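Dear colleague,

Please find the structure below, with a short account of what was found in it. I would be grateful if you would read the two together.

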Amino acid sequence: MASLIAGGVDCDVHPAVPHLTSLLPYLSDYWRDQVTTRGMVDLVSQSYPARSPVTARPDWRPDTGKPGERLEDMQRHVLDPFQLSHAICNPLYGVQMVFSEDMQAAFCRALNDWLAKEWLDRDSRLRGSIVIPTQSVEKAVAEIERCAPDRRFVQVLMLVMGDTPLGKRALWPIYEAAERLDLPVGIHAGSAYHNPPTAVGWGSYHIEDYVGQAQAFQTQLTSLIVEGVFAKYPRLKMVMLESGVSWISPFLWRLHKFWRGVRMETPWVDRAPLEIVRSNIRFSLQPFDAPPDQATLIRLFDHMQSDELVLFSTDYPHWQFDGQDALPEGLPPDLVRKIMIDNPHATYPRLT
Amino acid sequence: MNIQFREGTEAASPVTAKTAIADCDIHPARATRTELYPYLAKRWQHHLEVYGVHAYQGMMEGPPYPKAQPNASRRDAYPPEGGPQGSSLSFMQQQLLDPNNVQLGVLNPLNTGQGIRNHELSAALCSAINDWQIDKWTSKDKRLKASIVVGNEDGLSAAAEIRERAGDKNFVQVLLLSRNVEPLGQRRYWPIYQAAEEAGLPVGVHAFGFGGNPITPSGWPSYYIEEMVGHSQCQQSALASLVLEGVFERFPKLKMVMIEAGFGWAPSLAWRLDKVWQRLRSEVPHVKRPPSEYIREQVWWTTQPMEDPERREDLFDVIEWIGWDRLLFATDYPHWDYDEPSRVLPAGVSEANREAFYLGNARKLYGMS
């Protein structure tokens, strides 16, 4: 395995909300009453069923409760052994699935307050992402602005499959706020299930949904680039989280070819898609979806023609690798340093 | 990698006879609106006149994402005698088949009976287009071979159409589109695969079609370029479905051709499927082998539109990972994003690989060798 180095930044760890009732202390009287009176159940997304093998590594799975719900486990499994300087918490609790913008806003607010109090307050290495109620752009911006004064929030978090493609103009106030407040926007695998989870309809299986995340990221990159998000907000960084990485170059070759062919349709795209990606888009390392041989690995990174695209992640507690093998075999030491330290710091201005 | 770099491969003079090629994606068009009527019952002629075609999208005419060119076709491809691009055999011979020495041209008619909500009309239109392909094209030029177009949402009637055409040497494959009501691995489509396997015909899956689903998993995008780039994602999801529903396991002699959606994505998808299958295989016990094995054995790709890296030799890595024996050259004539045969492969490809890419793989797959 490639040698890990101390002081790295883990850009994708997942603290779990034990149950919807865990958020009750962070809800207003009205919403507390709604949850209890209506008998609402735990918001677990089909993207990550609790017992699915991808949801937790066997040796990271606790005897009771959800994987990733205890800080002590996260410390013991990743923060300490990987000698991390920071880890960015991306809660995947299923708040995006509800359809009421009021309920979604209340749950997001509670989730963000829960994260600050029960995680960020308890370990100084942890940083957080602001989960936003995308059903209402106005409420999403308000939530970003409410959380932003706490500098431990280093990112805004959205799901890769929501109600609309992410480049759509209606969402731009979110990107304006994020750019203004030095917050990259993290796009994480997962669906609100407001649309079929593939572009060709509903599949039958959990495995199909998980494989399909990569295709969802691809369509979102197209949308973000051709709608002109980065022409309008050139300082905005976006991070594709748990996206997979081996598809990046061939996808960009295709996008670049079509952009050259039909750029008259989107004349506001003022730079080549390849350039936009190199300056504004980053990808988390895990799941590293390539075969475990060094020759292929070297070709894949060479195809990217940049050593700045990839950010270290363990994707804790998801099962992407075994033991300490968070880095794929054969990465040269310079690239390891870029991936583990330099690239994350260059991406997240609040990471100090 | 074992690519030999040679100098001077592009230097052939234009007067030299060109090496024979196969073109595995040619789009024949109707010259007039009513050209299919002789092949349709009176009832359906009436239906088309009064109600038109209701696809799984709202437009009565034309595509929901306007193309970049009229009919998405080359402006120099209008036949001199009139009609839309791709509607004249003599002009196709003159512009495509003769100058490029096309020895095998596979016809993939679009805008037929596929992806429409009235399944009886769908079957009637598909049958008509199949008769029309013989009368207008394959019977008049032996280089051209037809695809059996089938009503995609009704597996049983589609299978009947395949069985009716099986053994007819005018046809070399069954044609489906990538976007359907459900992902292509679903059971409703299995009769099509069963009939194709029995008939010994590959199933081509061409980009496009409508099935009523938003064309991204996060809703409807805004632009034509998103639809075009997105065909590769639709194709990936369709192929993942075929693997994960066990279609290749159940129909081990079935051959699938991914048409006009690129191929650069194929290695990454296969790796991802393998990795996730190792974790989650207990959910899909009918998928007995690593997904990449089914893909390597039972899937082919047409080349156009070729991915276009800044360093063109990067594409060789991807082709090595897929296999030089799995790519089928295609121009997409007469569409605007046509790939010119003499320019798509950079210098440095071995003679054997070049021959397989341009002709040999297609002849073998389509039973012409």
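**The interface and one buried threonine**

Seven salt bridges are found by the rule across the interface of chain A and chain B. Please note that this is a predicted model. In one salt bridge, the side chain of A:R260 meets that of B:D308, at 2.7 Å from N to O.

On the side of chain A that touches chain B, two or more residues each come from strand 4 (153–161), helix 6 (206–227), helix 8 (248–262), helix 9 (273–280) and helix 10 (294–304) of chain A. Helix 6 of chain A gives the largest share, 16 residues. By type, this side of chain A comprises 35 nonpolar, 26 polar and 13 charged residues.

The contact involves 74 residues of chain A and 67 residues of chain B. Together the chains bury about 6,000 Å², of which 60% lies on carbon and sulfur atoms. Of the area that chain A buries against chain B, 14% is supplied by A:V200, A:W253 and A:R254, more than by any other three residues.

Within chain A, A:T314 lies in the loop between strand 8 (310–311) and helix 11 (333–347). A:T314 counts as buried because its relative accessibility is 0%, and the cut-off for buried is under 20%. Its side chain makes a polar contact with the side chain of A:D10 (2.5 Å), and the side chain of A:T314 also reaches the backbone nitrogen of A:Y316 at 3.2 Å. Beyond its neighbours within four places in sequence, A:T314 is in contact with residues including A:D12, A:F82 and A:Q286.

With kind regards

Conventions. Residues numbered from 1 in each chain as written. Chains lettered and ligands numbered in written order. Predicted model: local features only at pLDDT ≥ 70, side-chain atom pairs only at ≥ 80, totals over all residues. Heavy atoms only, no water. Contact = heavy atoms within 4.5 Å. Buried area = accessible area lost by both parts, 1.4 Å probe. Salt bridge = Lys/Arg side-chain N within 4 Å of Asp/Glu carboxyl O. Helix = DSSP H or I, 4+ residues; strand = E, 2+ residues; numbered from the N terminus. Nonpolar A, V, L, I, M, F, W, Y, C, P; charged D, E, K, R; others polar. Buried < 20%, exposed > 50% of the residue type's maximum accessible area, 1.4 Å probe, protein only. Polar contact = N/O pair within 3.5 Å; in protein donor to acceptor, adjacent residues only side chain to side chain.
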